[in-house]
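The sequence and the model are shown here for reference.

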Amino acid sequence: MQLSRRGFIKITAAGLAASSLGALGFGGAGEALAASVRPFKLTAASETRNTCTYCSVACGILIYSLGDRAKNAVSDIIHIEGDPDHPVNRGTLCPKGSALLDIVHAPTRLKVPKYRAPGASEFKEVSWEFALDRIATLMKEDRDKNFIAQNKDGTTVNRWLSTGMLAASASSNETSYLTWKVARALGMVVFDNQARV
Amino acid sequence: MTNTWQDIKNANVVVVMGGNAAEAHPCGFKWVIEAKIENGAKLVVIDPRFTRTASVADVYAPIRPGSDIAFLSGLIRYLLEKDQIQHEYVRAYTNASLIVKDGFGFEDGLFTGYDEEKRTYDKSSWDYERDDQGFARVDDTWQNPHCVMNLLRKHVDRYTPEMVSRICGTPQEKFLQICELFATCSAPDKALTSLFALGWTQHSVGAQNIRTMAMVQLLLGNIGVAGGGMNALRGHSNIQGLTDVGLLSNAMPGYLTLARDGDVTFDDYMRTRLFKPLRPGQVSYWQNYRKFFVSFQKAIYGSAATANNDWAYDWLPKLDIPLYDIITAFEMMDKGEINGYICQGFNPLQAFPDKGKIRRSLGKLKYLVVMDPLDTETSRFWENFGPQNPSDPASIQTEVFQLPTTCFAEENGALVNSARWLQWHWKAAPPPGDAQADIWIMAGLFHRLREMYRKDGGAFPDPLLNLTWDYTNPVDPDPEEMAMEMNGRALTDLKDANGQVVLKAGQQLDGFAQLRDDGTTMSGCWIFSGSFTEKGNQMARRDASDPREAGIAPNWAWAWPANRRILYNRASADPSGKPWNPAKSIIEWNGSKWVGLDVPDYTAAAPSENVGPFIMNNEGMGRLFALDQMVEGPFPEHYEPFESPSENVLHPKVKNNPAARVYADDRKNFGAASEFPYVGTTYRLTEQFHFWTKHALINAILQPEEFVEIGEALAKEKGIEQAGWVRVSCKRGAMICKAYVTKRIKPMTVDGKPTHVVGVPLHWGFTGQARKGYGANTLTPSVGDANTQTPEFKAFLVNIEKVAAPVA
């Protein structure tokens, strides 16, 4: 049975009214108390299992969001806490993990692609189409010009040294695998991640 | 980690050296407290600072940054001298008895084969004596002066307690007290666990720091057992996963390695990777390399990879140098040799050594692409933020793209924790604004490039045109599809030896044992095989039950390899298959097979077959002598940091790591102790995570501004007050911030001289909600570990002076 805190107090008050205490006039107090308590926010929220994004203890977390995941409902994260079932953190979080909600909603989260032209003193907002078209063009120009198909001994080496890439440290295995495929298919070897830093 | 976080509770002694788990890994550290309370464990902390980890230690010893090998070599000397080693384990499971070539030697800080000009070794003498079948020769009696045990005794003989104290600044009685505690764990039923992090890796001898402790653990018989192991506490949520998937210059998924120019043909490549057993009857698991490689090529190139084109071997790039690490990348950038740079969730302007060089080099790029959920410093390197980022945008011609991405809460996928668990997580909400997943962005770039190459041609387009991309929605592939691709599947019906079909074509593999080298299987990352089988996504499992409360929880998520939770667990039982510690048994031989709580890290071999427990090594044994696997020597040796206040008292002529690669411009920027007399070391605070949490309001409030930590003695000497302003300088730059004067850092006596340490937390920059800061990398030198090139952030030289408060 799903029972909200407000609902629980109402039932309690009803029980009270039917008892001898109710006869003494305490029943109305229960009603007033129930009216003053806000509904427990998380009962209406959707719960999602996730993992803390910081260190590799990888504490289990529960993310609570508004919205019931229906097609037209937009979810909004309102609360994050430790997962009590997780065998390592058992519901606990550190000062960083406890503040995860603030990083999800940080005012400096990026929301639109931006571009800074040579010599410009500020970013300007651009479309994804512009950004990806331009980046792909720059990459191809550089690759076609500098790709090394063979070394001086005539060995096939197929490497591209003049564009490099750093991969993330908090992205998923799946993201990293797809990134590996694309970067290596282009012949990139100036390619590293945070593990070496 | 060889073991799990919860398994720490099984330890009798917990050693935290090269890390500060209480502050950097707080929720994992509580298993140390559990060990203390429930198992009566003793906690030993060895650290330049009296950290919060030290505050709950049974024994704390200070140590000068960069002298860990001397400390641990002294410890090995003690264990051997007092004969406090796990004899049966050392004899059966390590290479102590194997005989090393006559030509091998060590003198005045150098091993045999050194080429001073190239700063590299010819390692041919770092090898075993072989018999006519190619097997290593053995002396079980340890009488041969060239058996590993005797060479090790000789090598560590110089590290007396007096010498350790002289180099490390650790008081002798503290050192000896710690040696005694270590020695208690040589009993077969006692275990010591080593917890470490970047306090060990970020040195020019980082890999050897870790190796030295691994040798201690082998001597104590603590690898493979409950409550033991070598436990690297990794710093980021999926840094383990990105390493496993091989996003490193010289790596491929599953610890396969990219070809070098010398591997001209596919046969050349395989010849140097299929390690033959060095002792009779050993597993030498890398003999299967070809299966892993061919299956990988089938995963990424599909039907275009065939036996006729050597499985598209030539489509992979080859390396002309060992690796293009980040120090090399920025050296090239500074010299104008790199035109484009893509930063996916990475902030090099704050993270890489010698910030001035990083800023200058980024300005020489033609284009810079930053994909990140946050407004990073790197994406704004060109913008003038005053002293914390001085810049003249008009003079910088770099095109910069700032691409907004999703964060953890907005995507599905698996992250690998420190204990190698692949834990699936689920999307809770859409990202803000027009932010997109990295997968969508990489797919967008891929499709545009592929289309241009299809239409217009260009440099060697074959790998791009043939890359497998059979995802349901090619524009935005579902992470589950990549997970299934990494696990691998059968490409034809797979039959066992009796002709029975084990897997039908198209079915997901059960594990890597099913991989073939004939193109009939594919797997994008062989060590993840078993994570997404016909039974579904094993990484999504959430059964927390833990038989006997052993700290294994075998059905929670999935661990690589093969859902094995404790690596090398065959070594938890004696040669006959009986557990060394019956109360904490992991696996054992029941007379007909191996049984226990964990998946055996072994074959089905009976104990009588004498198959060694370290099946990845070609002699089947743990290595006290590393053969040619390390660049600076088969035994660890103490070399001073590249910026050090002390001479190398063991061999003054060879002060620093002789095999470390140092670029000439970087070397010019090393400072001397005469000008910069104090030892700087960087660290994290418990309230902040790198340069991310300063974007989160609560964390920005908790630790709002940049500071350095100094001891009371140094503060007094320099007239610095609590919270007073200071200028901290090195040869490469300077920062102005507040001083935090504490009792946690005390001067140490190193080679007779007082040595002060300046602690530099690393969290501030010029974006986010905290106050502007310079960043610790303003001060750190551009030199890396000789094997991995991890920069030396934990030991460098600075000066510190009192200054007036900056004008606001």
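In this model, 135 residues of chain B are in contact with 101 residues of chain A, two residues being in contact if their C-beta atoms, placed from the backbone, lie within 7 Å. The element that gives the most to the side of chain B that touches chain A is helix H17 (residues 438–456) of chain B, with nine residues. By class, this side of chain B has 79 nonpolar, 37 polar and 19 charged residues, where Ala, Val, Leu, Ile, Met, Phe, Trp, Tyr, Cys and Pro count as nonpolar, Asp, Glu, Lys and Arg as charged, and the others, Gly among them, as polar.

The model is predicted, so that local features need pLDDT of at least 70 and side-chain atom pairs count only at pLDDT 80 or more, while totals for chains, interfaces and linings use all residues. Residues are numbered from 1 along each chain as its sequence is written, and chains are lettered from A and ligands numbered from 1 in the order in which they are written.

The pairing of strands also crosses between the chains. Helices (H or I, at least four residues) and strands (E, at least two) are DSSP runs, numbered from the N terminus, and two strands pair if DSSP finds at least two bridges between them.

Chain A has six helices and nine strands. Of the 197 residues of chain A, 45% count as buried, that is, 20 or more other C-beta atoms lie within 10 Å of their own.

Confidence in chain A is given by pLDDT, the predictor's confidence in each residue from 0 to 100. The mean pLDDT of chain A is 88, and 86% of its residues reach 70 or more. Over residues 1–9 of chain A, however, the pLDDT is below 50, and this stretch has 14 contacts in the model beyond near neighbours in sequence. Residues 11–18 of chain A likewise have pLDDT below 50, with twelve such contacts.

Helix H13 (residues 289–301) of chain B has 13 residues and reaches 18 Å from its first C-alpha to its last, close to the 18 Å expected at 1.5 Å a residue, a span defined as 1.5 Å times one less than the number of residues. H13(B) is mostly covered, since ten of its 13 residues are buried, among them Phe292(B), Phe293(B), Phe296(B) and Tyr301(B). What covers the buried residues of H13(B) includes helix H6 (173–185) of chain A, together with elements of chain B such as helix H18 (462–466) and helix H19 (479–487). After H13(B) comes Gly302(B), whose phi is positive, near 55°.

Notes. A residue is buried if 20 or more other C-beta atoms lie within 10 Å of its own, exposed if 12 or fewer, and partly exposed in between; C-beta atoms are placed from the backbone.
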